[in-house]
Amino acid sequence: MLARCRASRLLCVSRHRIKPLITLTNHFATHSHSLHCQSPRILTASNRLVLQYSTIPFCTPHRLNSTMATPTLEHNRLRLDMSPSEIKAHTEDIIAKARKQYDEIAALTPDQCNFESVIKKMATVDTWLGIETNNVTFPQYVSPDKAVRDAAVEANKLLDEFEIQQSMREDLFKAVQATSAKKEQLDPESARLLEFTERDFKRNGLALPKEKRDELEKLKKKLADASTEFSKNMNEDKTEVLFTKDELEGMPDDFLEGLTKKVDEKDGVEKYAVTMKYPDIIPTMRMAKREETRKRLDIANGQKCQANVAILESAVAVREQIAKLLGYKDHASYILEVKMAKDTKSVDEFLKKLRERLTPFGQKELQRLLELKKKEKASRNEPFDNKINSWDFQYYNRLLLESEYSVNDEEIKQYFSLETVTQGMLDLYQTVLSIRFKEVEKPPVWHADVRLFEVFDHSGEFMGHFYLDLHPREGKYTHAAVFGLQPGCELPDGKRQYPVAAMVANFSKPTAAKPSLLKHSEVTTYFHELGHVMHQICSVTRFSRFHGTRVERDFVEAPSQMLENWCWEAGILQKLSAHYEKGPSHPLPNNLIESLVKAKNVNAALLNLRQIFFGWFDFTLHTTRSGGISTTDLWNKLREEVTLIPGTPNTWPAAAFGHIMGGYDAGYYGYLWSQVFSADMFFSRFKVEGVQNPATGLSYRKDILGPGGSRDGMDMLRNFLGREPRDEAFLKSIGLVEVEEGAAGGAPVVV
């Protein structure tokens, strides 16, 4: 899943701002030092903000010790080492300098307004502003220092307010309108930039009377503050449950070794602390044999971040107000206007038809789990309640995989050490995409766990940088996501700015006895997220507005979802694996690979119904009049109706539904929508021409990754496929129909 930048407000001024998205796999599962710390790998640069249009308007690169210097680091314009006071001062400086540039544009007379003086200059400010705002806001997700994180949150609020103000400026809108009226002959990407800029101003309410614009500006600021607070509450959550070793029956020793021990104040007994972070809660929900243990953990997870309930409900109401002010029926109609789906009818039909198709299969899968639970309860001499509860699904799903498909996560992960997977994955991307990676030694980073890589084309041309920050720590962003920190684009002097991205995840840390070992689902997540990185790196556009993942929101996941298919190919799995004790000569055995692939679509209907539920919850919230709507009541109602599994009483899981406040509002359906396209791309091209075929990979780079958002997603798909997209491959990918590789038919978005 993509840790995506914020939506456009002013020539996509905020598009470079961080807006994390949680990976698809995460919702399948469940819901100090400063940056100047003592590691020799930590950035120690001290840069000053410069914005002059007589020269390239970007901050100076890292000033590194000669022993740390790497030739390509001069292209990395990030500065992520600021103290809280520096973040505050830098934010104020950013706002002052950006406002000055916008004032100059707004002061132009209609005769002076043209693409060069208005749109291109705004694009230059946009590019500069994107990097500088990431410098002061990205630390809220990754800094080891709480004071720095808090300062970054405050910077986020100030920049939100500033961006909203600029997006509502009538004088800037008039400059854009005057430019549009000139009807200059422009190249396709420049024409698209002008069109989108004028469209965005209109969507920001500039066609409204002043009193309505003032009201809209206040509502947008309120919404931005709510989003920041919601995210902060999630990142700072410290919910944990204490268990004795007996209560954690079924958990492996290496898992217990990684837990913190604490004395329970209730009874004075030292116990294991299980947090709500993925490396803790997911294995426990899957493996803890005692139902009461899983239930307690499920309740705790569903009760975290209670303050976010009111924040979410207020945000939904504000979104509705904004949509009505702008003349839209509801918030979903406003959001969908600029997506592939275009309108609410298309999304409603898509979700309904897919639900109808999946529900009979889901009912059969549920019955199978009930039979397994009944049998297991009898063997443990425990009562059987004839229900699959929310704390049961992951546990019995695992038992089913182990008992009927011989898929044992604990056995399989012995072959997937993080280091082996990383190397194998990078090798594979190098082959398929015809690129090369080189790790930077002693890189300037924000924590000693972080690694930095250079990327080169097969011709030797430099392409960009990416960071890997893969282990959990206190206060860090709790999901898996990719952050676009520096967009690739053309600079005012004609030179290129190269992209920089960061993948942030929470894979278990190594222990004294074992390296970090990944479950196969985590390998798939890793592959997916690195796919977002490759989208950032391989994109080549003229303007930062269209770089990388800045495509339609309901298309953005398709390229990475397509790459997940490699994780189910026998030959690829062997290249990604090696027993952590026995070495490279012992990859994942054929019998385990066969079992894993055979089990790929076990409970696929229930898992996809869960995704439909998330999409429907989001869609219903944003198409229903919000007056007094209870997100908890709606969640519980739809949870049982759609997933066939009831929610847990006295919990409020929507309070941790980060997507809905992180840029996916009225857009969660896009995960399944884009899977239609991702499956078609894989089965129609790569599966036919070779999953490691560099020629197909180069075609993928050229037609899908390279254009970024400079073309419509549907046009890119047609170019890559050589025809209209179709849906059979998607149905095959989840085991509902059989089609021959390369064959397809039907519609792309209505399944």
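In which helix is Lys-637 found? Lys-637 is found in helix H23, which comprises residues 631-643; helices (H or I, at least four residues) and strands (E, at least two) are DSSP runs, numbered from the N terminus. The structure is a predicted model, in which local features need pLDDT of at least 70 and side-chain atom pairs count only at pLDDT 80 or more, while totals for chains, interfaces and linings use all residues. Residues are numbered from 1 along each chain as its sequence is written, and side-chain values use heavy atoms, with hydrogens and water left out.

Lys-637 has a relative accessible area of 47% and is therefore partly exposed; buried means under 20% relative accessible area, exposed over 50%, and partly exposed in between (1.4 Å probe, protein chains only). The C-alpha atoms of Lys-637 and Gly-647 are separated by 8.4 Å, although the two residues lie 10 apart along the chain.

Of the 751 residues in the chain, 64% are buried. The secondary structure comes to 27 helices and 12 strands.

**Strand E12**

Strand E12 (residues 500-504) is mostly covered, five of its five residues being buried. Val-500, Ala-502 and Val-504 point one way from E12, whereas Ala-501 and Met-503 point the other way.

| Strand paired with E12 | Sense | Bridges | Residue and its partner in E12 |
|---|---|---|---|
| E9 (residues 481-486) | antiparallel | five bridges | Gln-486 and Val-500 |

**The sheet of E3, E5 and E4**

Three strands form an open, antiparallel sheet in the order E3-E5-E4. Strand E3 (240-243) and strand E4 (260-263) stand at the edges with a single partner strand each, so one side of each is left without a neighbour in the sheet. Four bridges join E3 to strand E5 (residues 270-275), and Glu-240 has Thr-275 in E5 as its bridge partner.

**Helix H25**

Helix H25 (residues 694-705) spans only 14 Å between its end C-alpha atoms, whereas a straight helix of 12 residues would span 16 Å at 1.5 Å a residue; the expected span is 1.5 Å times one less than the number of residues. Buried residues of H25 include Thr-696, Gly-697, Tyr-700 and Leu-705.

Conventions:
Pairing = 2+ DSSP bridges.
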